[in-house]
Amino acid sequence: MIGVKSKYTRPLLAQRIMPRIFMGLIIASIWADIGNNGSNDLQNRNSVIFMISIFTGMSANFYTPDIMEDRPLYVRERNDRFYRPVTYLLGNVLVQVPALVLGSVIFSSIVYFSIGLDNEAGKFGYFVLMIVAIATTGE
């Protein structure tokens, strides 16, 4: 297999990455450089983290039509005993998780640094890990 080329590659990447970039820019423009002093800034931080987690968790609704499109193929292949449900699940996970992680890293990079959260590598890594975990759970 020289390269992965299919009719799903570009739409999958665009479907995973573009909404995250768009929403990241919206969140970055609304909460740009929130401060770190006072209760108002604390409320702003709480609201932006809530908004980020809600967007990340609810973005799985974008992919429900894809699941419905794949259903006839899955039923046919299962009835013909080509593979088991676990095989189908693992195949989908292996295809979708890299694009999900890439989109989450791009989204996190846009949002984290533009809203002025702590500029430390460890805290940024934890933030990315949480975004990836929420996005994977939503899927």
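## A buried glutamate, a nonpolar core and a surface patch

E77 is buried, at 13% relative accessible area. Buried means under 20% relative accessible area, exposed over 50%, and partly exposed in between, with a 1.4 Å probe and protein chains only. This is a predicted model, in which local features need pLDDT of at least 70, side-chain atom pairs count only at pLDDT 80 or more, and totals for chains, interfaces and linings use all residues. Residues are numbered from 1 along each chain as its sequence is written, and side-chain values use heavy atoms, leaving out hydrogens and water.

E77 sits in helix α3, residues 64-79. Helices are DSSP runs (H or I, at least four residues), numbered from the N terminus. Not counting residues up to four places away in sequence, E77 touches F82 and Y83. Contact means heavy atoms within 4.5 Å.

**Salt bridges**

The whole structure holds two salt bridges. The term requires a side-chain nitrogen of Lys or Arg within 4 Å of a carboxyl oxygen of Asp or Glu.

| Salt bridge | Closest N and O atoms |
|---|---|
| R76 with E77 | 2.7 Å |
| D118 with K123 | 2.9 Å |

R76 is partly exposed, with a relative accessible area of 47%. D118 is partly exposed at 32%, and K123 is partly exposed at 40%.

**The core**

The largest nonpolar core has 17 residues, of which I27, V48, I52, F107, V111 and F127 touch the most other members. Helices α1 (9-30), α2 (38-58), α4 and α5 (121-138) each supply at least two of its residues. The largest share, five residues, comes from α5. Such a core is a set of buried Ala, Val, Leu, Ile, Met, Phe, Trp, Tyr and Cys residues joined through side-chain atoms within 4.5 Å. In soluble globular proteins, nonpolar side chains tend to be buried together.

Neighbours within four places in sequence aside, I27 contacts V48, M51, I52, F107, V111 and I115.

A28 lies in helix α1. A28 is buried, with a relative accessible area of 11%. With neighbours within four places again left aside, A28 contacts I110, S114 and I115. A28 and S114 are 86 residues apart in sequence, yet 5.6 Å apart in space, C-alpha to C-alpha.

**The surface patch**

L89, V93, V97, V101 and V105 form a nonpolar surface patch with about 330 Å² of accessible area together. Patch residues have over 30% relative accessible area and no salt bridge; like charges are joined within 9 Å, nonpolar side chains (Val, Leu, Ile, Met, Phe, Trp, Tyr) within 5 Å. Accessible areas come from the Shrake-Rupley method with a 1.4 Å probe. V93 lies in helix α4, residues 85-114. V93 is partly exposed, at 39% relative accessible area.
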